[in-house]
Amino acid sequence: MKKLEEIERLLPSALESLAENSDIPVPENMSERVKAALVTAALDREERRRVSSRRIWGGAAAFAATACAAVLLIFHTGEPKDTYSDPEMAYAELERSFALISSKVDKGVRMASATESAFETLNNALN
Amino acid sequence: MKKLIALAVVLLMTVQGFAQDGKSIYNKYSGEEGVSAVYISKAMFKMMGKLPSVEINDSDVNLSKVVSSLDAFYLIESENRSINDKLAQDVRKFIDSGDYEILMEVKDDGETVRFYTIGDEQIVTGLVMMILDGNECTFLCLDGKMQRDDLEKIISEGVGRN
């Protein structure tokens, strides 16, 4: 019985003469086994082709995402420019803003105080 | 393949993350129609700190202690109804993305005012005020390392005057 390595080294003409030799026993279901092996090989090749295609599209998607991120980073996260070049004007704006904060906080505190006094009145009435 | 998808997802999340801070909100809306915007940088705050005793409008409020501790000031005042909802949503995402705590909410005559702060018991690293009033929307954001006592004193001093 020839070894696999010896068979692989044979020329096609030698393989044909061996095939014509009817004395060599052929395993059962040989043709089905060969067909199954050929189908499996074809499916493997198709799967490898699909995987390669998916990798290409995946790489393209990652590149597009990176490009979008870079564009957004450049155009939307740059350091803004000071609105005022005069620090006194900037200070006036800051003071105006704190006055606004104070007025809103004051409104909330007064509303809470009004509720508290109403609660005390109710509590006194109940007791 | 999985690594490429994971990288793309991380990049997209990073981009999304950049939309959630005071600077990115300011950059996004400051150029819109019907919007007035103010930005004061740390460098400008340093210049303010070097001013001689500043008296604006006969004010008795001393902002000098807070000014030296501020890193950035962002103010967006919008009268553009088409962007007010988006602005409010972005501010909501900004608040939710950090450790901001709601300090106060005031609802009165159709106006909703919310205050948020971030920091610890002694230092306030961020103050956000959001006002929604009909067609108007105001977003104010202060970043820095403010002493909580100084900040509360300034706000209460302003309350006294109002």
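These legends walk through a few close-up views of a predicted model.

**Before you look: how the views were made.** Residues count from 1 along each chain as its sequence is written, while chains are lettered from A and ligands numbered from 1 in the order in which they are written. In this predicted model, local features need pLDDT of at least 70, side-chain atom pairs count only at pLDDT 80 or more, and totals for chains, interfaces and linings use all residues; side-chain values use heavy atoms, with hydrogens and water left out.

View 1. Chain B has 6 helices and 6 strands; helices (H or I, at least four residues) and strands (E, at least two) are DSSP runs, numbered from the N terminus. Follow the sequence and you get the pattern α-α-β-α-α-β-α-β-β-β-β-α. Of its 162 residues, 42% are buried, meaning under 20% relative accessible area, where exposed is over 50% and partly exposed is in between (1.4 Å probe, protein chains only). The mean pLDDT of chain B is 85, and 80% of its residues reach 70 or more; pLDDT is the predictor's confidence in each residue, from 0 to 100. Within chain B, that confidence is lowest in helix H1 (residues 2-18), with a mean of 62, and highest in S1(B), at 97. For the complex, the predictor gives an ipTM of 0.83 and a pTM of 0.66.

**View 2. The sheet of chain B.** Here 6 strands make an open sheet in the order S1-S2-S6-S5-S4-S3, with antiparallel pairing. Two strands pair if DSSP finds at least two bridges between them. S1 and strand S3 (101-108) of chain B are the edge strands, each pairing on one side only. From one strand to the next, the twist averages 10°. Zoom in on strand S5 (residues 123-133) and strand S6 (residues 136-147) of chain B: 10 bridges join them, and they run antiparallel. B:Met130 sits opposite B:Phe139 in S6(B).

**View 3. Three tyrosines in chain B.** B:Tyr26, B:Tyr39 and B:Tyr74 form one aromatic cluster. Rings of Phe, Tyr and Trp (its six-membered ring) pair if their centres lie within 6.5 Å; planes under 30 degrees apart count as stacked, over 60 as edge-to-face and the rest as tilted. Over all chains, the count comes to 5 aromatic pairs. One of them is the tilted pair of B:Tyr26 and B:Tyr39, at 5.8 Å centre to centre with 45° between the planes. B:Tyr26 lies in helix H2 (residues 22-29) and B:Tyr39 in strand S1 (residues 35-40) of chain B, so this pair ties together parts 13 residues apart in sequence. B:Tyr26 also forms a tilted pair with B:Tyr74, at 5.9 Å and 50°. B:Tyr74 belongs to strand S2 (residues 70-78) of chain B, so its pair with B:Tyr26 in helix H2 links parts 48 residues apart in sequence.

**View 4. Where a helix of chain A meets chain B.** Helix H4 (residues 87-126) of chain A lies across S1, S2, S3, strand S4 (111-119), S5 and S6 of chain B, at about 75° to S3(B). Its axis and that of helix H3 (residues 42-49) of chain B come within 9 Å and cross at roughly 100°. Axes are lines fitted to C-alpha atoms, for helices over the stretch in contact, with angles from 0 to 180 degrees between N-to-C directions. H4(A) and H3(B) are therefore roughly perpendicular, the word for 65 to 115 degrees, with under 35 roughly parallel, over 145 roughly antiparallel and the rest oblique. In H4(A), A:Pro87, A:Ala90, A:Tyr91 and A:Leu94 meet B:Met44, B:Phe45, B:Met47 and B:Met48 in H3(B), where contact means heavy atoms within 4.5 Å.
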